[in-house]
Amino acid sequence: RLDLMAADPATGASRVVLTEESDTFVGGLDFITGGWRQVFHAIDGADGFLWLSERDGWRHVYHHDYDGALLARVTAGGFPVERVVAVDRERDRVFLLARGEPRRYDTHLYRTGLGGGPLLRLTDAPGEHQVQLSPSKLRFLDTHSSLERPPRTELRDADGELVRVLHEADASALTGSGWTPPEAFVVKAADGVTELYGALFKPVYFDPAVRYPVIDFLYSGPFITVAPNDFGLSTHLAPYAQAMAQMGFITFIVDPRGTTGRSKAFQDASYGRIGEIEIPDHVSTLRQLAATRPFMDLGRVGVYGHSWGGYFALRAMLTAPEVFRAGVAGAPGELTEAAPINEPYMGLPADNPGAYAAALNAPLAGQLQGELLLLHGTADVNAPFSTTMRMVQALIEADKDFDLLVLPGAAHGFQGAHSRYAERRIRDFFLEHLRGEARVAAGSSAHSGPAIPGKSE
């Protein structure tokens with residue numbers, strides 16, 4: 001439940017203007033990530049406000065007055081609106097970013113009226129568009145790119161007509177080096193029906209006749225997407241996946257069911273049962289990719305994740321040990337910890353005890369078969385260090401070998417020397433266990449140049 005409230009700053013008196021409710025959740029972790037700021041958009045004057053709601057199964061824009069009454073539905077259709085960019089009340093124009101094109105995750109700028117009606121798309125090229133409207137709302141800057149196309153900045157008018165190109169990035173030196181952009185892909189989820197989208201990375205020296213080890217870079221937490229859709233690889237995992245590919249791996253990122261940016265039903269797929277469908281979706285993705293890419297060696301598959309990704313990397317090693325041979329789990333909390341992060345998607349533990357119990361990783365310690373590296377900072381308040389210690393105890397009781405890297409005083413996000421050390425250890429772990437290369441000594445310049453091609457079997 002989400003309440004929009006109005007308060008009198010002189011008296012402190014408040015009232016509920018509008019209530020948004022759902023059988024599952026409203027906005028998820030918007031209250032942590034700042035997404036709640038996009039739900040409400042005030043209109044100049046006394047014309048009420050715009051409100052983003054998933055009440056019909058898609059995130060759309062509604063026009064309400066300050067008594068909460070619905071004045072008009074502004075957008076409709078089988079696509080989600082990302083946010084309202086601006087309102088030009090004088091000309092009855094609402095500018096918004098939405099994912100309304102056949103390419104599922106492309107974000108474009110659209111224009112419509114306060115009373116609704118057809119959407120006019122104002123941006124052209126496929127990919128991600130970042131826009132900035134002028135104060136007059138008669139012009140806007142559009143910086144856009146895709147996985148394959150470098151950024152370009154254009155000046156356009158409010159009808160979407162191109163005024164001039166202001167800048168276009170030159171990637172010739174990059175492509176001239178032999179580098180190729182990540183490959184966008186679409187596969188089916190483990191249900192055999194739902195489409196999943198992702199990106200696959202190859203080494204700069206890629207040879208299709210060579211069989212390469214594979215690393216699945218995952219997050220899979222239900223409040224963000226991590227598969228990149230722009231040239232700059234702006235999601236947090238993508239630059240790391242790109243870098244590790246240059247060490248002689250095929251790497252990939254996919255957003256499984258339960259993540260954001262699509263329908264409410266797509267995100268609700270994991271509601272109340274986190275830990276059940278995400279790894280099957282990753283395994284399904286891996287097998288479909290390898291079916292048409294013989295250079296992917298399914299006998300040498302690794303997985304990496306941190307935070308929620310750490311939880312799922314550990315879960316991959318424990319629930320699909322026949323698939324994942326080596327895994328790195330950074331700060332892998334359990335769903336019984338950090339209640340503000342988990343309860344929006346799982347409900348209260350007392351109300352959903354079976355699902356919470358099924359989601360625990362520690363009881364599955366005996367199923368570990370591959371090589372595992374656990375990393376955790378002792379000052380982590382997002383995923384408490386105690387969760388990793390309980391996992392360690394479970395692995396010891398199950399008589400399982402594993403590696404553990406404890407970073408004294410480190411928080412949830414590693415910084416400085418902790419970050420540099422952890423990155424080297426992660427790199428060397430995968431080189432050793434998936435490529436059979438000896439660990440690199442600290443301070444060594446080895447691997448600073450192009451990596452050796454993957455070993456053929």
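**The open sheet and its surroundings**

A: An open sheet is built from four strands in the order β7-β8-β9-β10, with antiparallel pairing.

The model is predicted, so local features need pLDDT of at least 70 and side-chain atom pairs count only at pLDDT 80 or more, while totals for chains, interfaces and linings use all residues. Residues are numbered from 1 along each chain as its sequence is written, and side-chain values use heavy atoms, with hydrogens and water left out. Strands (E, at least two residues) and helices (H or I, at least four residues) are DSSP runs numbered from the N terminus, and two strands pair if DSSP finds at least two bridges between them.

Within the sheet, β8 (residues 93-98) and β9 (residues 108-113) are joined by five bridges in the antiparallel sense. Ala98 stands opposite His108 in β9.

The packing comes next. The largest nonpolar core has 88 residues, of which Phe217, Ile253, Met296, Tyr304, Trp308, Phe324 and Phe430 touch the most other members. Helix α6 (residues 308-319) gives this core its largest share, eight residues. A second, separate core of 14 residues includes Val94, Leu96, Ala98 and Tyr110. Such a core is a set of buried Ala, Val, Leu, Ile, Met, Phe, Trp, Tyr and Cys residues joined through side-chain atoms within 4.5 Å; buried means under 20% relative accessible area, exposed over 50%, and partly exposed in between (1.4 Å probe, protein chains only). Leaving aside neighbours within four places in sequence, Met296 is in contact (heavy atoms within 4.5 Å) with residues including Leu200, Arg211, Tyr212 and Ile250.

Helix α7 (residues 339-346) has Asn342, Pro344, Tyr345 and Met346 as its buried residues. Among the elements covering them are α1 (30-33), α4 (264-268), α6 and α8 (353-359).

The charged pairs complete the account. There are 23 salt bridges, each being a side-chain nitrogen of Lys or Arg within 4 Å of a carboxyl oxygen of Asp or Glu. One of them joins the side chains of Arg156 and Asp124 (3.1 Å, N to O). Arg156 belongs to strand β13 (residues 152-157), whereas Asp124 lies in the loop between β10 and β11 (128-133), 32 residues apart. Arg156 counts as buried because its relative accessibility is 5%, while Asp124, at 44%, counts as partly exposed.

Arg211, a contact of Met296, forms a salt bridge with Asp297 (3.0 Å, N to O). This pair links the loop between β16 (195-201) and β17 (212-217), which holds Arg211, to strand β19 (residues 296-306), which holds Asp297, 86 residues apart. Asp297 is buried at 1% relative accessibility, and Arg211 is partly exposed at 28%.

Arg257 and Asp281 form another salt bridge, with their closest N and O atoms 2.9 Å apart. Because Arg257 lies in the loop between β18 (250-254) and α4 and Asp281 in helix α5 (residues 278-291), the pair ties together parts 24 residues apart in sequence. Both Arg257 and Asp281 are buried. Finally, salt bridges with shared partners join Asp124, Arg152, Glu154, Arg156 and Glu168 into one network.
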